[in-house]
Amino acid sequence: MEFVGRHVMMDATVSDVGRINSIQPIYDYMEELARQLDMTLVYPPIVAKFPFAQSELEQFVKKLSEENVKSRTLEFMEETLKRRATEDSGVSGVSIWLESHCTIHTWPEEKFFSLDAYSCKDFDPMVAFELTVKWFKVEYASFVDVERYIGGPCIIKAYEYKNGELIPCQPSISK
């Protein structure tokens, strides 16, 4: 068997949405994770707050309205844009490493984020876990560590984090 990579995934809820509802904390986290895992950033992290196309959509809807286009779809879009202006919206980030990548997607309204990091260069998954828990003030998480091999099965370790404790558990293949 030949080791070809480590893949960690985390789904987590947080106590405070401040760090998952803003671009800068996600950007800073992705840089720090690369440093702590000794990964090589190909580019700086790319982080965007959804809906990043809000202004383009508003311009499109405005143009249609100015042209006196009337439709239920246009009315729906206008209402949706009004609602979005007052709602929390998620942040997505990607960090491209020479050794592979890390992505994060957040749902502030649910106090939730999902993280995925893969590298062909081995790393300590607990370093990634501990940084993530502290950085985002995680309350609860499911955390999976997958060692990937050519010519052999993956080794999968699963954990549940609750009440400040990381507890090993059996990975669930299906419900």
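User: Helices are DSSP runs of H or I with at least four residues, numbered from the N terminus. In this predicted model, which residue follows α4?

Analyst: Helix α4 covers residues 125–136 and has 12 residues. The residue that comes after α4 has a positive phi, near 55°. That residue is K137.

User: Which residue places a side-chain oxygen at the start of α4, and which backbone nitrogen does the oxygen reach?

Analyst: The contact lies at the start of α4 and comes from the side chain of D124. Its oxygen comes to within 2.9 Å of a backbone nitrogen. The nitrogen belongs to M126.

User: Which residue lies over the face of W135?

Analyst: W135 is one of the buried residues of α4, as is F136. Both belong to one aromatic cluster together with Y29 and F113. At 4.6 Å from the ring centre of W135, the residue over its face is R19.

User: Is the aromatic pair of F3 and Y149 stacked or edge-to-face?

Analyst: The model holds eight aromatic pairs. In the pair of F3 and Y149, the centres are 5.8 Å apart. Planes over 60 degrees apart count as edge-to-face. The angle here is 75°, and the pair is edge-to-face.

User: Is Y149 buried or exposed?

Analyst: Buried means under 20% relative accessible area. F3 has 26% and is partly exposed. Y149 has 19% relative accessibility, so Y149 counts as buried.

Key: Residues numbered from 1 in each chain as written. Predicted model: local features only at pLDDT ≥ 70, side-chain atom pairs only at ≥ 80, totals over all residues. Heavy atoms only, no water. Helix = DSSP H or I, 4+ residues; strand = E, 2+ residues; numbered from the N terminus. Expected span 1.5 Å × (residues − 1). Buried < 20%, exposed > 50% of the residue type's maximum accessible area, 1.4 Å probe, protein only. Polar contact = N/O pair within 3.5 Å; in protein donor to acceptor, adjacent residues only side chain to side chain. Phe/Tyr/Trp six-rings, centres within 6.5 Å; stacked < 30°, edge-to-face > 60°. Lys NZ or Arg CZ within 6 Å of the ring centre and 35° of its normal.
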